[in-house]
Amino acid sequence: MDVNTPLRELPGVGEARAKGLEKLGLRVAGDLVGYFPRSYEDRRQVYAIAEAPVGELCCVRVMAAEEPRRMHIRRGLDVTRLKVVDGSSAMLVTFFNQGYVRQALHRGEEYILYGRVELMGSHRQMTNPQFEGAERPWACGRIMPVYPLTAGITNHLLAGLVERALRELPPPAETLPDSLLARHRLAPAADCWRSIHFPVDETALDAARRRFAFEELFYLSLGLALLRERRSRGRGPAFGETDLESFYQLLPFTLTGAQKRALEEAAADLALAQPMNRLVQGDVGSGKTAVAAGCAWLAVRSGWQCAMMAPTEILAEQHAKTLSAMLAPAGIEVGLLTGSMKVSEKRKVLTALETGALPFVVGTHALLSQGVAFHRLGLVITDEQHRFGVEQRAALAAKAGGEEDFSPNVLVMSATPIPRTLALIIYGDLDVSVIDELPPGRMPVKTVLVGESKRQRMYGFVRDQVREGRQVYIVCPAVEENPEGAWDLKAVTEYARTLGEQVFPDLHVGLVHGRMKAKEKEAAMAAFTAGETNILVSTTVIEVGVDVPNASLIIIENADRYGLSQLHQLRGRVGRGKHQSWCVLVSDNRSPDTRARLKVLTQTNDGFKIAEEDLKLRGPGDFFGERQHGLPALRVADLETDTRVLKEAQDAAAEVLAADPDLTEPEHRPLLEKVRRLFEEDPDRFN
């Protein structure tokens, strides 16, 4: 075996498993060593049945006292059982839908089981344990890695492949300079590769984790510092108008201190002859649109055009309407460009943009299409950053045309509150402004957690709200009915039908989900916005939704299936009008951890506190779901617990760049190559 050996050529892999491994990014043997575990199982101690700790995962040495018995319970459910014993006690072992166990376990043979011992009265039992022969156990008696998996790939298979790769391949080359290893007391890579997968003890694992976390954060910090430095060399439009007092006087309301601070930070950037790249993040309803309006006002007053991109047509229309109302007193026209507009309307907008007659346009992805050209584009605003990604933002910025090193100013707005440490990593080369206070007079949404037993009472509350002229969202986590035996999730299509036909036959129940055609989704949302629909049953497609001030209640079914930040985003769909609004979280999950997690939402409306809690519970990897921000993923580093390592890594990167800003010295060229590979960008980006 060598690093380029295809995994399909290894014993026990084959074509089907090779495809599964490829989904995990594993194609050749060399990929295995760098595929880090997500957690570990301490299997060093092997117990007798009577001594095994109840309720905890552990290894138990047993002998099969009988041949396994298989019973067919119903369609899709088989049960295989056998009694196991040791010198002191007996235990019942049950396997669900694992018929192969009948051929794998034999009476009189000794095995080591790994699983959770439970009490059934005074008797002990285990359900679906992993097992191996006691003669030469491989997975017990050691700390075992637990890897991210996909369908058809077991942890046992993957761990075996990784161990073989560690045994037969030379260790990957050292990537950190000796001076860094010594200064920061980091273990050499050669010692860490085995310890990150199969540590002999906690000390070895901690040393390997710290080393690889430092390495990840060092290269990330190095790459971000280089991007910032390159950006500062670029040329951007310097706005001559900087007097925000005139803008404040236009508004029929007073901006909060946080809004003014964000706007003034942006204005300072816009006065410079280098492109602004600023993220304005604030909670739902914190007033980010007013900040965008202020930046657009500065652009137009300085003789430049402004373009704003929104993720949906309805949201684009809403922004255009809101911004028009804010900027009309200054004589600034705001145009709209979406895919569903008539050809004649589009042509009129395109001509006005190209000639400079239209100073400000709001649109969807239609703004990226080939026929769109600007006369003098100076500011690009994107809404909900993580819905777009770096490439689309850059494509819109490229519409500015002009010389190669010239870029327009970029303002990114996000309603997802992110802990500042994470924001600096996630958004990379963007400067960050935070709007951390809500405009006065907004009533906080009241949030309650209920179980199935309160369903009829909840439906009565829906009727009360509709009777008072309000509207209701009901959010479900699934689109279609689930197959027998799957999680009991509220499937949106069937649930909407049941509500419309049986529960609320006298009300208008709408439906929207991600698998509908774009026009159908838009029509469903438009009907709800116009007040024609009383109840909108939906999946999370409403998460980035429109402003419907009349919606006063949102019910989130199977709330335990969502992260806290996503639940908070969904809750933000209500509470936008003058009426008291409610969020009802429905869950029958009795897990103490789950209940405690959901109760966080009932205790606070502060998105930043919720984001901090979400980061603690789920880690940064799950924060956005799909990674669209164009930065390398963190495999080892944990931004919640590794803040000290992050500071060390950032300081180390700053020291290296202070001595060699372009990494042109021979000893630093490998660092530059590593940064290029990590960021997977055109190498010219770092030239």
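Begin by selecting α10 together with helix α11 (residues 313-327), whose axes come within 10 Å and cross at roughly 60°. Axes here are lines fitted to C-alpha atoms, for helices over the stretch in contact, and angles run from 0 to 180 degrees between N-to-C directions. Helices (H or I, at least four residues) and strands (E, at least two) are DSSP runs, numbered from the N terminus. The angle makes α10 oblique to α11; angles under 35 degrees count as roughly parallel, over 145 as roughly antiparallel, 65 to 115 as roughly perpendicular and the rest as oblique. The crossing of these two helices, α10 and α11, is right-handed, a crossing being left-handed if the near helix is turned anticlockwise from the far one by less than a right angle, and right-handed if clockwise.

Next, display the side chains at this crossing. On α10 the contact is made by T289, A290, A293, A296 and W297, and on α11 by H319, T322, L323, M326 and L327; contact means heavy atoms within 4.5 Å. By class, the contact of α10 with α11 comprises 7 nonpolar, 3 polar and no charged residues. Ala, Val, Leu, Ile, Met, Phe, Trp, Tyr, Cys and Pro count as nonpolar, Asp, Glu, Lys and Arg as charged, and the others, Gly among them, as polar.

The model is predicted: local features need pLDDT of at least 70, side-chain atom pairs count only at pLDDT 80 or more, and totals for chains, interfaces and linings use all residues. Residues are numbered from 1 along each chain as its sequence is written, and side-chain values use heavy atoms, with hydrogens and water left out.

The crossing of α9 and α10 is right-handed. Select Q259, A262, L263, A266, A267 and L270 in α9, which meet A290, V291, G294, C295 and L298 in α10. The contact of α9 with α10 has 9 nonpolar, 2 polar and no charged residues.

Remain on C295, which counts as buried because its relative accessibility is 0%; buried means under 20% relative accessible area, exposed over 50%, partly exposed in between (1.4 Å probe, protein chains only). The closest cysteine sulfur to that of C295 is in C306, 8.3 Å away and too far for a bond. C192, at 2% relative accessibility, also counts as buried.

Which cysteine is joined to C59 by a disulfide? Select C140: the S to S distance is 2.4 Å, and a disulfide is a pair of cysteine sulfur atoms within 2.5 Å. C59 lies in strand β3 (residues 57-64) and C140 in the loop between β9 (130-133) and β10 (143-146), 81 residues apart. The torsion about the S-S bond of C59 and C140 is about -85°, so the disulfide is left-handed. Both C59 and C140 are buried.

Finish with two loop residues. Most residues other than glycine have a negative phi. N97, in the loop between β6 (90-96) and α3 (101-104), has a positive phi near 50°. At 47% relative accessibility, N97 counts as partly exposed. R185, in the loop between α5 (178-183) and α6 (189-197), has a positive phi of about 50°. At 68% relative accessibility, R185 counts as exposed.
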